[in-house]
Amino acid sequence: MLDRQFTALADPTRRAILARLALGEATVGELQRPFGISQPAISRHLKVLEAAGLIEGGRAAQARPRRLKPEGLVAARDWLDGLRNLWNDSFDRLDAFLADTAKGNDTP
Amino acid sequence: MTTPRFTISRRFAAPRARVWDAWTRPEQLALWFGPKGTSATILAFDLRPGGIWHGRLDAPDGSAMHSKFVFREVDPPSKLVWIHGFADAEGNRTRAPFAPDFPLELLTTLHFMDEGEATRIDLNWEPIDATSEEEAFFAGMMGSMEGGWSGSFEQLDALLAEG
C-alpha cells in the first residue's frame, strides 16, 4: 500500500487534486474544470488515488463526489519521515556531538 | 526530466579537521549518524575509493535497517563522495524496505568548507542510474519538485487537528 501511495503522490496533478479535496468533497465534473484536462484523465487520476487508499467516493454512480481519506496518508508519512529526515536529523545530532566534544570531553 | 536532487547545507561551530573526523572516524560517526531516536552501529568502514561503509540503524520500535555505502572519492578534509543504498545484514545491496520504487542507489556528495572558525557542509543527494519511476518517487518524497507533497501533509495535519 505504501508503494501505491508514494506513486500516487509523486504526480503534481494528483497532489493538486488532494489539495482540492482537502477543502471539501467534489465530483469529477467539479474537479475537471479548474485543471483543464479531460474527464477520462481526471478519472484515471482519481482511480490511482482511490486504489492508494487516499480518497474515497460516494455511491451516487456518475456524480459520486470524492473525499479525502486522511488516515490513508498517515502510515506513508510515518515511514517516510525517518528517511526524509535522515540528513536534517543527522546534522542536528552532529551539531550537538561537536558541541559536547568541544567542552573538554576529548573526542573518543 | 532532470535528475531530482536533495540538498542541505549547514554551518557547524567547529574547525574543519574536527568535522571531518566526525564524519570519517567510525567510533565518532556512530554517535550521531541517523534519524532522531535511532542508534547506529558501524559494521564495516573502509575509508578509500571502493571501500565500504556497512551499517545498521536500530529504531526505538525494535526494528533495524542495514545500509551499504561505497566510497567513490575521499579527499581529506574537503570532499567525500559515496554511493548510498540499503543492504541486508551481510552487506548485499537491497531495495528500500516497504518502498520498491525508492531509488536503489543514491550518489551522496559532501563538501567541507571553512567559514571563519566554523565549517560549512554542503550535502547533495541524488538518484544514480535510476528509472523514471525511481526518480519520480524520490522527487515526490523529498519534496524537491514543486514543493513536493509537504503541502498535502500540512493539509493532512490540519484535517487531523480538526478531527
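Modeller: Let us begin with helix H3(B), whose buried residues are B:Glu134, B:Glu135, B:Ala136, B:Phe137, B:Phe138, B:Ala139, B:Gly140, B:Met141 and B:Met142; a residue is called buried if 20 or more other C-beta atoms, placed from the backbone, lie within 10 Å of its own, exposed if 12 or fewer do, and partly exposed in between. This is a predicted model, in which local features need pLDDT of at least 70 and side-chain atom pairs count only at pLDDT 80 or more, while totals for chains, interfaces and linings use all residues. Residues are numbered from 1 along each chain as its sequence is written, and chains are lettered from A and ligands numbered from 1 in the order in which they are written. Helix H3(B) covers residues 132-142, and because nine of its eleven residues are buried, this helix is largely enclosed by the rest of the structure.

To place this helix, consider chain B as a whole, which has four helices and eight strands, where helices (H or I, at least four residues) and strands (E, at least two) are DSSP runs numbered from the N terminus. Along the sequence the order is β-α-α-β-β-β-β-β-β-β-α-α. Of the 163 residues of chain B, 30% count as buried.

In the loop that leads from E8 to H3 of chain B lies B:Asp129, which has a positive phi of about 50° although it is not a glycine. In contrast to the buried residues of H3(B), B:Asp129 is exposed, because 10 other C-beta atoms lie within 10 Å.

E7(B) and E8(B) form a hairpin with two residues between them, and in its turn B:Gly116 has a positive phi of about 65°. In a regular strand the side chains alternate between the two faces of the sheet.

B:Glu27, placed in helix H2(B), residues 26-29, has its C-alpha atom 7.9 Å from that of B:Ile42, although 15 residues separate the two along the chain. B:Glu27 is exposed, since 10 other C-beta atoms lie within 10 Å. Further along, the loop between strands E4 (64-75) and E5 (79-87) of chain B holds B:Pro77, and the peptide bond from B:Pro76 to B:Pro77 is cis, with omega near -10°.

Chain A, by way of background, has six helices and two strands, in the order α-α-α-α-β-β-α-α, and 28% of its 108 residues count as buried. The axes of its helices H3(A), residues 28-35, and H4(A), residues 39-51, come within 9 Å and cross at roughly 110°, where axes are lines fitted to C-alpha atoms, for helices over the stretch in contact, and angles run from 0 to 180 degrees between N-to-C directions. H3(A) and H4(A) are therefore roughly perpendicular to each other, a term for angles of 65 to 115 degrees, whereas those under 35 count as roughly parallel, those over 145 as roughly antiparallel and the rest as oblique. Their contact is made by A:Val28, A:Leu31, A:Gln32 and A:Phe35 of H3(A) with A:Gln39, A:Ile42, A:Ser43 and A:Leu46 of H4(A), two residues being in contact if their C-beta atoms, placed from the backbone, lie within 7 Å.

Helix H2(A), residues 12-21, also packs against H4(A), at an angle of about 75° and with the axes 10 Å apart; these two helices are therefore roughly perpendicular as well. Here A:Thr13, A:Arg14, A:Ile17 and A:Leu18 in H2(A) meet A:His45, A:Val48 and A:Leu49 in H4(A).

Technical notes. Pairing = 2+ DSSP bridges.
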